There are 2 protein chains.
Amino acid sequence: MKTLGTLAPLTTQLVEIQHLTSAASLLSWDQETYMPAGGGHARAEQIATLQTLAHDRFVSSDIERVLSQWVDPSIGEAIDSRGDGWDESARALLREVWRDFSRAKKLPSDFVKRLSRESSLAQQVWSEARKKSDFRMFLPHLKTIVALKQEEAEYLGYRDTPYNALLDTYEPRATVAQLRPVFAALKARLVPLLNRVMTSSIKIDDAILFLHYDTTRQMEFGRLVLTAMGYDFERGRLDLSAHPFTTSFHPTDVRVTTRAYERELPACLFSCIHEGGHGLYDQGLDPARYGTPLGEALSLGIHESQSRLWENSVGRSRPFWRCFYPLLQQMFPEQLGTVDQDRFYAAINRAKPSLIRVEADELTYNLHIMMRFEIEQGMIEGRTRVEDLPAIWNDKVNSYLGIVPPTDADGVLQDVHWSLGAFGYFPTYTLGNLYAAQLYDQVQKEIQNLDAEIEAGRLTVLTKWLNQKIHRWGRMFTAEHLMQRVTGRPLSPEPFLEYLEKKYGELYELS
Amino acid sequence: MKTLGTLAPLTTQLVEIQHLTSAASLLSWDQETYMPAGGGHARAEQIATLQTLAHDRFVSSDIERVLSQWVDPSIGEAIDSRGDGWDESARALLREVWRDFSRAKKLPSDFVKRLSRESSLAQQVWSEARKKSDFRMFLPHLKTIVALKQEEAEYLGYRDTPYNALLDTYEPRATVAQLRPVFAALKARLVPLLNRVMTSSIKIDDAILFLHYDTTRQMEFGRLVLTAMGYDFERGRLDLSAHPFTTSFHPTDVRVTTRAYERELPACLFSCIHEGGHGLYDQGLDPARYGTPLGEALSLGIHESQSRLWENSVGRSRPFWRCFYPLLQQMFPEQLGTVDQDRFYAAINRAKPSLIRVEADELTYNLHIMMRFEIEQGMIEGRTRVEDLPAIWNDKVNSYLGIVPPTDADGVLQDVHWSLGAFGYFPTYTLGNLYAAQLYDQVQKEIQNLDAEIEAGRLTVLTKWLNQKIHRWGRMFTAEHLMQRVTGRPLSPEPFLEYLEKKYGELYELS
């Protein structure tokens, strides 16, 4: 039986390439956290060189040569010769490296460099444009990025729509044709549920979350929760950035960022828990597999399932706050000393259409995603002019949520993704929510007293389960296979909808 | 006439290589400032890959091919064909690239990787060992590094002593044979001067510098002085690290670090000014020449001249404190409100043999360097066993300064340099002091009212002079040529000795 050891001539090269992409990730992290403003142009060039070099080395004839000994290019799977096959890990590694290789091979080196440079610059302009709420400032950059992503889709090839080529980058094997009915099914039950909530006689007042909260203490509390979740600060950090994110340079150096506003408690609190979920995934990957697909996250949807599971299934649950609310009260006695736990629980779960995706409640969040999914398909398919984006955005928000953004900063400029060229990324957020609910449903069956453990602050029982079932496997399985393996069934929106109907039914006393 | 434009096929490649080394520098900066402790091993590997790749690309046949069209390898200078010569910039660029290339070409790629990895690890162990004052912990790593540096000297080749090969890395064209008489001349006048100071009836009490000083305010003051010096925070940052340093990823992103202790005002104050001097040099390099020798600092000695000029000639002078002392008093009224300027000036200039190089006064500083210069020659020449280092160190400190370190943390473990493999680096500190005094002597002649400008806080008149005379030229001239060009004479210890004799003669009332 041939094993991973046989693949050393390949994996040694992959690890060196990973060093380049890990370095590029650190340069990006630094750009978002500590880089002086004047350093932006040079930084964009440096990142572009690293990414191009990583790409060039990956598609080099050297890698192709070793890879083609072992993989049948017509099926993209390891070649099994009779009596001397590959074990499961080696087969999976070859399958996934081949997938990456055959995709990367289609992208010209010059294109990779242009995209890297343009997106690094576009991100910096976006950040300024958002501050000034000035879409026109961002427009030429966004046009360039859209054109580049259309070009990329042509290189990669696709069925039905160029958008599928981009979607496949973030959620391997997903297509518009598969997602559309799932999203439609979701919408069909979410919208009536939201309507019932909005017309309920129960009105939740969440003003207590928007009193003055010292940001240093908010960060302290975030750190405390992260520690309780099992996020290891010996192998991680928490910093501030405009847009919270998680990045990893190795399982021993995984960093999360958050934002903290003085008059908005949920922003810092829930981004810490959310990014912590991402961070646990990256810290839970197998360091011995670093640089290979078996040491990488499976897909963005699965990654997002980890953050949403922690943020929502855990972080907005009663058992969690039975443990942590007294601590939060101690930290903010003036603001919360006289507020009881039920009132706090209701406040953090209040559902109401709002403008900003990352602050949306669980009911409306996926509506934000659906409209982005539609808009970005339009852009990539060339049906939507980039100039018209603010108008289209505002129209869609109105039709999905019944509200209109007063400024583009609260509208079309709110997300970093398009500046980065991350088209096809948004749907993975909704997939993440669905995966999360299905996984949490399963873990509650397997760990009978999970609520009691969480209430006692022993969050790491959950972390360990996730490590065992998901993190440590990397890209060993496809998402479909993983869900089947862990939950015994394919992905379904049912657990998510049931969870919401139960939670909001109780909270808003829906009959 | 052929110009820099002709060299584009070369410089384009050099800039890409610089992106790799700039990325490696950011990874190192991060390692010293924000990296979580657990990330050290992976980081060492990542830096090693970047440095090896940069090395491999630099010595590649591609670069050799374009370079060999233009450079005569027997003399290492541009080939001038009649009627179509190179202009001065292009000649200088070719001379310096050839120098780097012919040195790099001698080092095997595998050696570069081993050295990078080992020194990155050794530095992390050194940092722990220093905390614990445990030389034995550091010993095996130091042995490895010394052996690697001996190996490096053999690859590079040398006359007289392998130490010359290493010295040449940091101070191009310098040799032990040239330095020894300069150092001897220095010692011959420094030691008697120090003796006269020590036996003077004037006793300076510097206890006011070691009261309790809030470190946040110390950093604030450091920032204020840096800003006054013309250090541009739009293109730079100030952070904390165990060992203060300056690093640059491009003239638009130059970072300085400092340390700050609650009961030690000079540590933060003078490292800020010192590193600021380095930072101004790097910010003053020509961004259009980034990646080529004309966009790089000339030598470590010249670099150190910039930091020492600011730290000592300016930062320990009366005119400087006439401007800044009232501000410092405002910041620390309890500690300094009743201390007059003369007393403060005397305190920061008190001369006394002490254990820690970076905190040494101007009189004793070079004695610290001389003993290191002797010790590291012994190690590289194989005359000194690394095991015996603590004993040899303590013996030398005693003979040079008349004191003995109570712990290795205050002795042989105090400097980061050897862990990094930076043998041959220390002498550039003394060269820096000599260059600084000679340059400052010159600028005082050229800017007649310099003291008055400094007293009025207009430090940038000096910055501009240094920009014009030194920074913007990069490696256009050799150090010898630059000194001749700027000061009209070759390097001499005379200005430094005169400066010290005058300053300390007045302070200690020496007849």
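## Chain A: fold, helix pair and interface

In chain A, 72% of the contacts with a separation of 6 or more join residues 24 or more positions apart; two residues are in contact if their C-beta atoms, placed from the backbone, lie within 7 Å. This is a predicted model: local features need pLDDT of at least 70, side-chain atom pairs count only at pLDDT 80 or more, and totals for chains, interfaces and linings use all residues. Residues are numbered from 1 along each chain as its sequence is written, and chains are lettered from A and ligands numbered from 1 in the order in which they are written.

Chain A holds 22 helices and five strands. These are DSSP runs, numbered from the N terminus (helices H or I, at least four residues; strands E, at least two). The C-alpha trace spans about 70 × 55 × 45 Å along its principal axes.

Helices α5(A) (residues 109–132) and α6(A) (residues 135–156) pack at about 150 degrees, axes 9 Å apart. Axes are lines fitted to C-alpha atoms, for helices over the stretch in contact, and angles run from 0 to 180 degrees between N-to-C directions. The pair is therefore roughly antiparallel (angles over 145 degrees). W126(A) of α5(A) and F138(A) of α6(A) are among the contact residues.

Chain A also meets chain B, with 28 residues in contact with 28. On the chain A side, α1(A) gives the largest share, seven residues.

Definitions and conventions
Angles under 35 degrees count as roughly parallel, over 145 as roughly antiparallel, 65 to 115 as roughly perpendicular and the rest as oblique.
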